[in-house]
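The exercises below ask you to work from a sequence and its three-dimensional model, and each one is followed by a solution in steps. Please look over the model before reading the solutions.

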Amino acid sequence: MTIQFVHTDSAPKAIGPYSQAVKVERFIYTSGQIPLDVNGNIVEGGIKEQTHQVFKNLEAVLQEAGASFQNVVKATVFLKDMNFFIDVNEIYASYFGDHKPARSAVEVARLPKDVLVEIELVVYV
C-alpha cells in the first residue's frame, strides 16, 4: 500500500499534527478545512464568505493531490448552527454542479478557532 502525505502552500498550513490530506492508493482523504486564508487568518464575513474560503482551500489541496471536486465521493459538513444549512448548501452546489457525492451535514457545539463551518472530503481518482 502506498501512502502519500499531501501539502500545498496554496492552502493554510495544518494547525496541528496532521496533513492537509493523505492519498492512499486511489483514495484521497482531506483533513477538515476551515475558513483560514493561506496566512492562517480567519476570513472576514459570515457563513457565505467562510464557506467559499473552505472550498478554495479544499480545491487547492485536491489540485495538489491530482484531483478535483468531480472526484469527490463523500463530503462531511460541520456547521456551528444548522440555520446556516441553506446558505452552505447553495454554495456547496455551486462547486459540485451536477456531481452529487454522498454527504453528511451535522451541527456541532464548537469548531476550531470558533469558525462557522468545516468540511472534509473523501475522493477517488
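**Exercise 1: the chain as a whole**

Of the 125 residues of the protein chain, 39% count as buried, where buried means under 20% relative accessible area, exposed over 50%, and partly exposed in between, with a 1.4 Å probe and protein chains only. The model is a predicted one, in which local features need pLDDT of at least 70, side-chain atom pairs count only at pLDDT 80 or more, and totals for chains, interfaces and linings use all residues. Residues are numbered from 1 along each chain as its sequence is written, and side-chain values use heavy atoms, with hydrogens and water left out.

Task: describe the secondary structure, the extent and the surface of the protein chain.

Solution. Begin with the secondary structure, taking helices (H or I, at least four residues) and strands (E, at least two) as DSSP runs numbered from the N terminus; the protein chain then has two helices and six strands, and their order along the sequence is β-β-β-α-β-α-β-β.

Next, consider the extent: the C-alpha atoms fill a box of roughly 40 × 30 × 20 Å along the principal axes. The radius of gyration of the protein chain is 14 Å, which agrees with the value near 14 Å for a compact globule of 125 residues, given that the radius is taken over C-alpha atoms and the globule rule is 2.2 Å times the number of residues to the power 0.38.

Then turn to contacts, defined by heavy atoms within 4.5 Å: among those between residues at least 6 apart in sequence, 69% join residues at least 24 apart. Finally, the accessible surface, from the Shrake-Rupley method with a 1.4 Å probe, comes to about 6,800 Å², and 50% of this area belongs to carbon and sulfur atoms.

**Exercise 2: aromatic pairs**

Task: classify the ring pair Phe27 and Tyr29 and the ring pair Phe69 and Tyr95.

Solution. Start from the criterion that rings of Phe, Tyr and Trp (its six-membered ring) pair if their centres lie within 6.5 Å, with planes under 30 degrees apart counted as stacked, over 60 as edge-to-face and the rest as tilted. The structure holds nine aromatic pairs. For Phe27 and Tyr29 the centres are 6.1 Å apart and the planes stand at 25°, so this pair is stacked; Phe27 is partly exposed at 33% relative accessible area, and Tyr29 is likewise partly exposed, at 38%.

For Phe69 and Tyr95 the centres are 5.8 Å apart and the planes stand at 70°, so the pair is edge-to-face. This pair links distant parts of the chain, 26 residues apart, with Phe69 in the loop between helix H1 (47–64) and strand S4 (72–79) and Tyr95 in helix H2 (residues 85–96). Phe69 is buried at 7% relative accessibility, whereas Tyr95 is partly exposed at 21%.
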